[in-house]
Amino acid sequence: MSLKLKLTILLSFWLIIILILFNIFVFYFFVNASANSEIELLQKKAATLIERRLMDKPEFWKDPTLIKEFLLPTEMIRVIDKNSNIKHVLGSEESLTSTPAKYSNLTHPSSSLRFNPWKGFVVFVKVPILDINNEPEILEIGRQLETLDKYIAMLISILAFASVGAIIVSLVGGYFYAKIIFDPIQKLAQTMEAIQKSGTFRRLEINPAEKHNEISQLGMTFNDMMGRLEETFEKQKQFIADASHELRTPLTIIESYASLLRRWAANDPQLREEALEAIHSEAIRLKEMTRNLLTIMDTDEAQRNKWVPFDLTALIKSTASSIQHTFNRSIQTRFINDQDAPLTMVGDPEKIKQLLIILLDNAIKYSKKPIQLVVEKEQRHLKIEVIDEGIGIPEESIPRLFDRFYRADKARNRKSGGVGLGLAIAEKIVTLHEGTIRFTSKVDVGTTATIRVPRKD
């Protein structure tokens, strides 16, 4: 059974229950209100009979003219003594006169509504009285509610027709209501099935006038998700293509020099040295590229498990000093705030150190002048800037700096031994630490890499 049919049946089922409860309430209210009105009239009639002392007059029970004034064809009036015997009775309605007489020790008038399956509703009113000898008796007046029975039959017919009509309308309306709800979901399912079969990314058509309802928002979310998946898929394809190209180059060089060694380098020490140096260099480059690829594929959750509080000031100083001695280049470290005050950060110190090494290494490659490393404590973040006065980066290349294997200056980068993965790794490290990284640059003036990570103190 489809969800559309289930929803239609469920809506109709609840409507039927609501209609049943509503009809019971209307029926009870109508019967109760009508019966109370009849009881009130009978109590007034009993009060008139008591006021005129007609029960103690024998002629009242025998004179037809007096009877006609107080007794309707569907009524009964009788007096019951304290032994539950009928002392006097007027009326010929069998459903009333056949009701057993029962004396009750009443202190105030009482009433009751009864239902006879063959005669319909009957109402009785009992009022305590005293006879001539001050003996307690009961004045009982009963009435067959024929008018109420007719109205009830009419009411039941009206409610039945209205309920059937409401159920039919509910079934039809529920079906179309379910159609409105589930048609977009069905289109979504069909689109997903088509994507699965064809292997292509597709979008749902969204009516601009219905962008604010939940179903359309689901469709827009699906379209956004498809857009991101398509973008990721294209990047993955490009990544595989670039990785294949980058890996092919060192492997080709290694294979060529290995063949050269086998054929010609056995008796030529200079050629042998050249071949071994090339193979060793490319092997190191291949190893570095593999390590960087594995670093990019690390999961965020695994990295977060290594987070600890550490002193960022000490880490920056030690990293800058190490790079300075390794490359014999000047790195000027400057702390905007008190440089002796520790800057506490929560994260992976090894990853942060790797981030600094990547940025400083890039700055050293593309600049011959001293590198500046500036650290500042902001209100909510720690800001780190790596500033060089090198060749700069063209403006059109800045948005693609974090793409894997992308090089703004391919010739120089190849010469320096880079593989185009450093900034992709740097972005991943910053994102892992819930921070941001951006580059500002001007050709032949220099480049500034700005990192902001949240403060945890």
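**Salt bridges in a predicted model**

Reply: Arg143 is buried, at a relative accessible area of 10%; buried means under 20%, exposed over 50% and partly exposed in between, with a 1.4 Å probe and protein chains only. The model is predicted: local features need pLDDT of at least 70, side-chain atom pairs count only at pLDDT 80 or more, and totals for chains, interfaces and linings use all residues. Residues are numbered from 1 along each chain as its sequence is written, and side-chain values use heavy atoms, with hydrogens and water left out.

Me: Which residue forms a salt bridge with Arg143?

Reply: A salt bridge is a side-chain nitrogen of Lys or Arg within 4 Å of a carboxyl oxygen of Asp or Glu. For Arg143 the partner is Glu38, with the closest N and O atoms 2.5 Å apart. Arg143 lies in strand β5 (residues 136–144) and Glu38 in helix α1 (residues 3–52), so the pair ties together parts 105 residues apart in sequence. Helices (H or I, at least four residues) and strands (E, at least two) are DSSP runs, numbered from the N terminus.

Me: How many salt bridges are there by this rule?

Reply: The count is 13. Another of them pairs Glu40 with Lys44, at 3.9 Å between the closest N and O atoms. Both are in helix α1, 4 residues apart, which means a separation of about one helical turn. Glu40 is partly exposed, at 45%.

Me: Are Glu385 and Lys383 buried or exposed?

Reply: Both are buried, and their side chains meet in a salt bridge (3.9 Å, N to O). Salt bridges with shared partners join Glu376, Glu378, Lys383, Glu385 and Arg452 into one network.
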